[in-house]
Amino acid sequence: MKFDDKIPIYYQIKNYIYRQIIVGKLAPGDKLPAVRQLAVDLTVNVNTVQRALGELISEKIIEPQRGKGNFVTEDRETIEKLKKLLITEQLQDLYENLRKLNVSDEEIVDYLQDYINKRKQVQS
Amino acid sequence: MTNTIEIKNLNYRRNYRSILEDVNLNIEMGKIVGLLGENGAGKTTLMRLIAGVAKGASGSITVAGTDGVPDKKSAISFSEQLNGFNPSMRIDKIIRFYEDVYPDFSTKKYNEMAGFLQIDEGLRLSALSKGMKEKLIIGLTLSRDTKVYLLDEPFGGIDSMSRKKIIQSIIKWKSDDAVILVSDHYVSEIASILDEVVIIKDRTVYAQKSAEEIRSKYAEGIEHYYESIYEGNDIDD
């Protein structure tokens, strides 16, 4: 994984784990790699991984089990909420960028529909 | 947090020229710290002083609670340039020397690193290329089990693939309480493993900042922050 040096790394690690959970590479109840292994895999400082995991624990996305390690939450509602949150973030960026270009709400819907249609044609 | 390295009012002159002035620096236990500065800024001198190799400075340097040179030497693994060895000495002999002299030297660690660094132990020291010699030095330095590692521009001539593997083995092997002080004049390769950066400028410690704080506070990379300090347009606090 390649990090953007302008953004705090713990934050990028959190996002990386969010995405792993949402796309199902880390399923509910799965055990996360050990802190040091994660640090080696991502080539980052152990303290940084610990900070990221600490926040994920307080967000209840992962659950620590004493002596066993960290596990992805089995509460599907939490994961569903997380997914919605990330989608909203993406939509927000898209929406704000288009509004800055003076594209109206109706046009945004049209452009998006049009874009999706074109992508479908390219793929088929 | 306890400090593993404490430097107070350090001044150092050589040949009537001031090299370091009024250096005060604390490094907490367990931190990986990047020591940044231009060529000639005094990074190597500072490391040599911490290691007890250079002498004659005023002020105090305490490492792991001690300021005696012999105790310091056992607490510090310093990436020295192997200049004390006869150039015709074979690499395997140098490794045996490290095993004999340093009780904390781990042959297992060395062999694991030597595996991916591909150091030919049958060669003589004088036959090594610049990059090979640097690989040997970092392999030997990291194979000791100490409280402090001083790595003086360890990656200059090392190819990027080996660099990445060395950095990964640092993460893998570093004990939680060990401090690593690593100097470099270009930062991007090691930025992701640093807890802090210390910038040496105008013969002293010009700034000491947490790496994540630089990113969150200024939305800047370590490299850019460092350059902006050297170009004299400090980012406002």
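This is a predicted model: local features need pLDDT of at least 70, side-chain atom pairs count only at pLDDT 80 or more; totals for chains, interfaces and linings use all residues.

Let's start with the contact itself. Chain B brings 20 residues to the contact, and chain A brings 16 residues. On the chain B side, the elements giving two or more residues are helix H6 (160–173), helix H7 (211–218) and helix H8 (222–230). Of these, H6(B) contributes the most, with five residues. Sorted by class, the side of chain B that touches chain A holds eight nonpolar, seven charged and five polar residues.

Now for the partner. Chain A is built from five helices and two strands, and from the N terminus on they follow the order α-α-α-β-β-α-α. Its C-alpha atoms fill a box of roughly 55 × 30 × 30 Å along the principal axes. The radius of gyration of chain A is 18 Å, while a compact globule of 124 residues would be near 14 Å. Buried residues account for 22% of the 124 residues in chain A.

Finally, the core. The largest nonpolar core has 82 residues, and those with the most contacts inside it are Val148(B), Leu150(B), Ile180(B), Leu181(B), Leu194(B) and Ile222(B). To picture one of them, take Val148(B): leaving aside residues up to four places away in sequence, Val148(B) touches Thr4(B), Ile5(B), Val63(B), Ala64(B), Ala75(B), Ile76(B) and Val179(B).

Notes:
Residues are numbered from 1 along each chain as its sequence is written. Chains are lettered from A and ligands numbered from 1 in the order in which they are written. Two residues are in contact if their C-beta atoms, placed from the backbone, lie within 7 Å. Helices (H or I, at least four residues) and strands (E, at least two) are DSSP runs, numbered from the N terminus. Ala, Val, Leu, Ile, Met, Phe, Trp, Tyr, Cys and Pro count as nonpolar, Asp, Glu, Lys and Arg as charged, and the others, Gly among them, as polar. A nonpolar core is a set of buried Ala, Val, Leu, Ile, Met, Phe, Trp, Tyr and Cys residues joined through C-beta atoms within 7 Å. A residue is buried if 20 or more other C-beta atoms lie within 10 Å of its own, exposed if 12 or fewer, and partly exposed in between; C-beta atoms are placed from the backbone. The radius of gyration is taken over C-alpha atoms; the globule rule is 2.2 Å times the number of residues to the power 0.38.
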